[in-house]
Amino acid sequence: MGGHGHGHGPPYKVPDASIYKVADSPELVEVERALARRGLKDPWLRNEVWRYNPTHFSTHRSRLINFLFKGFPLGFAAFVATIGVEFALGIDYHGHGHGDHGSGHGDEKHGGHH
């Protein structure tokens with residue numbers, strides 16, 4: 001039938017948590033110290049080390065920049081295309097609303113009632 005064949009392993013291997021050490025991550029070392037000051041300990045803190053490993057998950061700054069500017073090229077291309085279409089069709093947003101304010105003022109010159 002379809003789907004998964006027999007005898008195949010998982011498509012990836014989950015690394016054992018023992019390869020990670022809190023001491024390898026300065027951010028988590030500080031968390032561990034802050035917890036210790038309150039008499040607390042997080043036995044699962046080691047499971048978060050991979051998030052702070054730049055080779056596996058990049059740095060916080062690079063993740064932030066990637067998140068903020070991920071759609072920038074597509075958005076900029078859409079912006080340029082919109083400007084191009086408006087220019088090609090002769091659409092002008094500046095000429096219509098600003099000069100029409102004086103339409104009612106002409107009555108005063110043509111013998112309006114005083």
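View 1. Welcome to the overview: the protein has four helices and zero strands, where helices (H or I, at least four residues) and strands (E, at least two) are DSSP runs numbered from the N terminus. This is a predicted model, in which local features need pLDDT of at least 70, side-chain atom pairs count only at pLDDT 80 or more, and totals for chains, interfaces and linings use all residues. Residues are numbered from 1 along each chain as its sequence is written, and side-chain values use heavy atoms, with hydrogens and water left out. The accessible surface of the protein is about 10,600 Å², and 62% of that belongs to carbon and sulfur atoms; areas come from the Shrake-Rupley method with a 1.4 Å probe, and for residues only the protein chains shown count as cover. Of the 114 residues, 8% are buried (buried means under 20% relative accessible area, exposed over 50%, partly exposed in between; 1.4 Å probe, protein chains only). Among contacts with a separation of 6 or more, 41% link residues 24 or more positions apart, a contact being heavy atoms within 4.5 Å.

**View 2. Six residues make up the largest nonpolar core.** Look here for Tyr20, Val22, Leu28, Val29, Leu45 and Val49. A nonpolar core is a set of buried Ala, Val, Leu, Ile, Met, Phe, Trp, Tyr and Cys residues joined through side-chain atoms within 4.5 Å. Leaving aside neighbours within four places in sequence, Leu28 touches Val22, Leu45, Glu48, Val49 and Tyr52.

**View 3. Helix H1 covers residues 26-37.** Its twelve residues reach 17 Å from first C-alpha to last, close to the 16 Å expected at 1.5 Å a residue; the expected span is 1.5 Å times one less than the number of residues. Leu28, Val29 and Ala34 are buried in H1. Just after H1 comes Gly39, with a positive phi of about 75°.

**View 4. Two salt bridges are counted in the model.** The rule asks for a side-chain nitrogen of Lys or Arg within 4 Å of a carboxyl oxygen of Asp or Glu. Glu30 pairs with Arg33 at 4.0 Å, N to O, and both lie in helix H1, three residues apart, about one turn of the helix. Arg37 also meets Glu30, at 3.5 Å, N to O. Shared partners join Glu30, Arg33 and Arg37 into one network. Glu30 is partly exposed because its relative accessible area is 39%, whereas Arg37, at 60%, counts as exposed.

**View 5. A nonpolar patch lies on the surface.** Its members are Leu64, Ile65, Phe67, Leu68, Phe69, Phe72, Phe76, Phe79, Val80 and Ile83, which together have about 1,000 Å² of accessible area. Helix H3 (60-69) and helix H4 (72-89) are the elements that give two or more residues to the patch. Patches are made of residues with over 30% relative accessible area and no salt bridge, like charges being joined within 9 Å and nonpolar side chains (Val, Leu, Ile, Met, Phe, Trp, Tyr) within 5 Å. Phe76 sits in helix H4 and is partly exposed, because its relative accessibility is 46%.

**View 6. Helix H4 has 18 residues.** At 1.5 Å a residue H4 should span 26 Å, and its end C-alpha atoms are 26 Å apart, so the two agree.
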